[in-house]
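Please keep the sequence and the structure in view while reading.

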Amino acid sequence: MGRMSRSELNAEIARLKTRIAELENDIAELDKDSGSAGRETETETETELGLEEYIRYGRQMLVPEIGKPGQLALKKTKVLVVGAGGLGCPALTYLAGAGFGTIGMVDEDTVSLSNLPRQTVYSGSSIGMLKVDAAVEVLRSRNENVKYVCYPVAVRHDNVFDIVRQYDIVLDCTDTAMTRYLLGDATRLLGKPLISASALRTEAQIVVLNVGPDGPCYRCLFPKPPQHVDACSDAGIIGPVVAVAGTVQALEAMKVALGQIPTGQQRTMTLFSGIHGPTWRSVRIRGWQRSCIVCGDRATVSEWDITSGKYDYSEFCGIPDGYPDINSSHSISVKELERRIKSPHVLLDVRDRTQYGICNLPGSINVPLSELLGYDHPAALCSIADRVKAEAVPVFVICRFGNDSRTAVQLLRSSHRIGRVFDVTGGLDMWTEHVDSSFPRY
Ligand SMILES: Nc1ncnc2c1ncn2[C@@H]1O[C@H](COP(=O)(O)OP(=O)(O)OP(=O)(O)O)[C@@H](O)[C@H]1O
Ligand SMILES: [Zn+2]
């Protein structure tokens, strides 16, 4: 047979689409028949799967741990995924595939280019769309038996209870300490199992919380927020690493829905290391804590404290950012930098070496902030100080977004006693915006 022309191919596609629609109609009719027959007798009311579902979930039902009762249990379960990013995308994919009855998804963000390497539900044409809208389109095309509910908002203290209350299991697929504590507290107070995960660089961790008689809540496990948490957008993340964690979250949600609740010795946190050390580790975690301020003997944080805003999550997590304010006479704009680098100067880039290696301004010197903050004066800094003193040249400090550079400027002015040090406001991001659009953003 010769090669088909474009119009013949289009005609063939249209014919196949019609045929698919006809077959889907036939299946719907069969389901309706079997459904109405089922309603006639008492025993058959337990048969709640349509014929299409037997085919769709057959492979999964063959697994003895699931079987038909397991499939029906999944169908009855409402699961909520908070965050449709790196963790949320694989989690949503497998939850929808597994046949959970209802899947809620919460995210106010839109899809951006830098999401595509690891947020596999989205494609180039999703860029700019709300993540929940783009995700539901794809998930529905893969399994329309599921009822999807989209919340194009961020969970906050004043909406978290209303949303979470409607679900049986919650997956935390977000990326900030504040949201983790908020979701941890709300799920604990509502008695909902929480499957929490996080991933950064090459590492990921997954833990099932609020289950069993002595299971801990997020706060029982982590009573204090971490001093400093890097975001993936700063520290980096590898797609398959976060995908592993999101996929394990979906599996844990299935287990909880099937009634497989870890207790005692089995209560563990799963650690995955993508490159270094043992790939998988399972560490035992502490159980419920008497001293927990949310679920302990003398708990002090109630639903009302949270919804009313009385309990302040940003204060607890140590936000706002903690970067120093820089006197306006000690900072310059990127436009001014463009002009002033034509005269002798030192341009100090305080990003870490990996980021500096991605892109940098010609003639800049790289001394990472972490080294400046160290006790020893780095050799590079000593030579800068000498040069600044000998030649009386100014130092312009730059970083990615103009935050770390503020800390560096304050440090150089106070501890290192270098006088003419200026912060470049907005950092390299502003440089691309206002000076050189060909300088890479990442
Ligand atoms: N309070 C919240 N409520 C709902 N979704 C949230 C909340 N906080 C964060 N998220 C969402 O969780 C997802 C986390 O995804 P991920 O860690 O992959 O980061 P990202 O923001 O998509 O990408 P990047 O951090 O690299 O820019 C994001 O889509 C984000 O919008
Ligand atoms: Zn607790």
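## A reading of the model

Valine 138 sits in helix α5. The model in which we find this residue is a predicted one, and every value below was computed from its atoms. Valine 138 has a relative accessible area of 28%, so the residue counts as partly exposed. Along the chain, valine 138 and phenylalanine 316 are 178 residues apart, and their C-alpha atoms are separated by 38 Å.

**The chain as a whole**

The chain has 442 residues, of which 45% are buried, and its secondary structure consists of 18 helices and 13 strands. It is divided into domain 1 (6–53), domain 2 (77–317) and domain 3 (328–434), and the C-alpha centres of domain 2 and domain 3 lie 38 Å apart. When contacts between residues at least 6 apart in sequence are considered, 66% of them join residues at least 24 apart. The chain exposes about 23200 Å², and carbon and sulfur atoms supply 53% of this area.

Which residues touch the most other members of the largest nonpolar core? In this core of 45 residues, they are Leu95, Phe100, Ile103 and Leu171. At least two residues of the core come from each of β1 (78–82), α4, β2 (102–106), α5 (131–142), β4 (169–172), β5 (194–200), β6 (203–209) and α10. Helix α10 gives the most to this core, with nine residues. If residues up to four places away in sequence are not counted, leucine 171 touches Val79, Leu80, Val81, Val82, Ala91, Leu95, Ile195, Gln249, Ala250 and Ala253. There is also a second, separate core of 35 residues, which includes Leu80, Val160, Tyr181 and Val294.

Helix α3 (residues 67–76) can be described through its buried residues, which are Gly67, Gly70, Gln71, Leu72 and Leu74. These buried residues of α3 pack against α2 (51–61), α4 (88–98) and α10 (239–257).

Isoleucine 163 is found in helix α6 (residues 160–164), and with a relative accessible area of 6% this residue is buried. Its contacts, leaving aside residues up to four places away in sequence, are with Leu80, Val106, Tyr151, Val153 and Val155. The C-alpha atoms of isoleucine 163 and methionine 105 are separated by 10.0 Å, while the two residues are 58 residues apart along the chain.

**Residues in loops**

Is arginine 267 buried or exposed? Its relative accessible area is 6%, so arginine 267 is buried, and its place is in the loop between α10 and β7 (268–273). Beyond residues up to four places away in sequence, arginine 267 touches Asp214, Gly215, Pro216, Pro262, Val283, Arg284, Ile285, Arg286 and Gly287. Between the C-alpha atoms of arginine 267 and leucine 411 there is a separation of 45 Å, and the two residues are 144 residues apart along the chain.

Most residues other than glycine have a negative phi. Arginine 201, in the loop between β5 and β6, has a positive phi, and alanine 392, in the loop between α16 (379–391) and β12 (395–398), has a positive phi as well. Their values are set out below.

| Residue | Phi | Relative accessible area |
|---|---|---|
| Arginine 201 | near 50 degrees | 43%, partly exposed |
| Alanine 392 | near 55 degrees | 49%, partly exposed |

**The zinc site**

Which protein atoms are the donors of the zinc ion (ligand 2)? They are the SG atoms of Cys217, Cys220, Cys292 and Cys295, lying 2.3 Å from the ion. The angles among the four donor atoms run from 95 to 119 degrees, and the site is tetrahedral. In sequence, the donor residues follow the spacing C-x2-C-x71-C-x2-C. Cysteine 220 lies in helix α8 (residues 218–221) and cysteine 292 lies in the loop between β8 (280–284) and α11 (303–307), so this pair ties together parts that are 72 residues apart in sequence. Both cysteine 220 and cysteine 292 are buried.

Terms used. Residues numbered from 1 in each chain as written. Chains lettered and ligands numbered in written order. Predicted model: local features only at pLDDT ≥ 70, side-chain atom pairs only at ≥ 80, totals over all residues. Heavy atoms only, no water. Domains from an automatic or database assignment. Donors = N, O, S within 2.8 Å, 3.2 Å for Na, K, Ca; no water. Tetrahedral: all angles 85-135°; square planar, octahedral: opposite > 155°, others 65-115°. Helix = DSSP H or I, 4+ residues; strand = E, 2+ residues; numbered from the N terminus. Buried < 20%, exposed > 50% of the residue type's maximum accessible area, 1.4 Å probe, protein only. Contact = heavy atoms within 4.5 Å. Areas by Shrake-Rupley, 256 points an atom, 1.4 Å probe, with all protein chains shown as cover. Core = buried A, V, L, I, M, F, W, Y, C linked by side-chain atoms within 4.5 Å.
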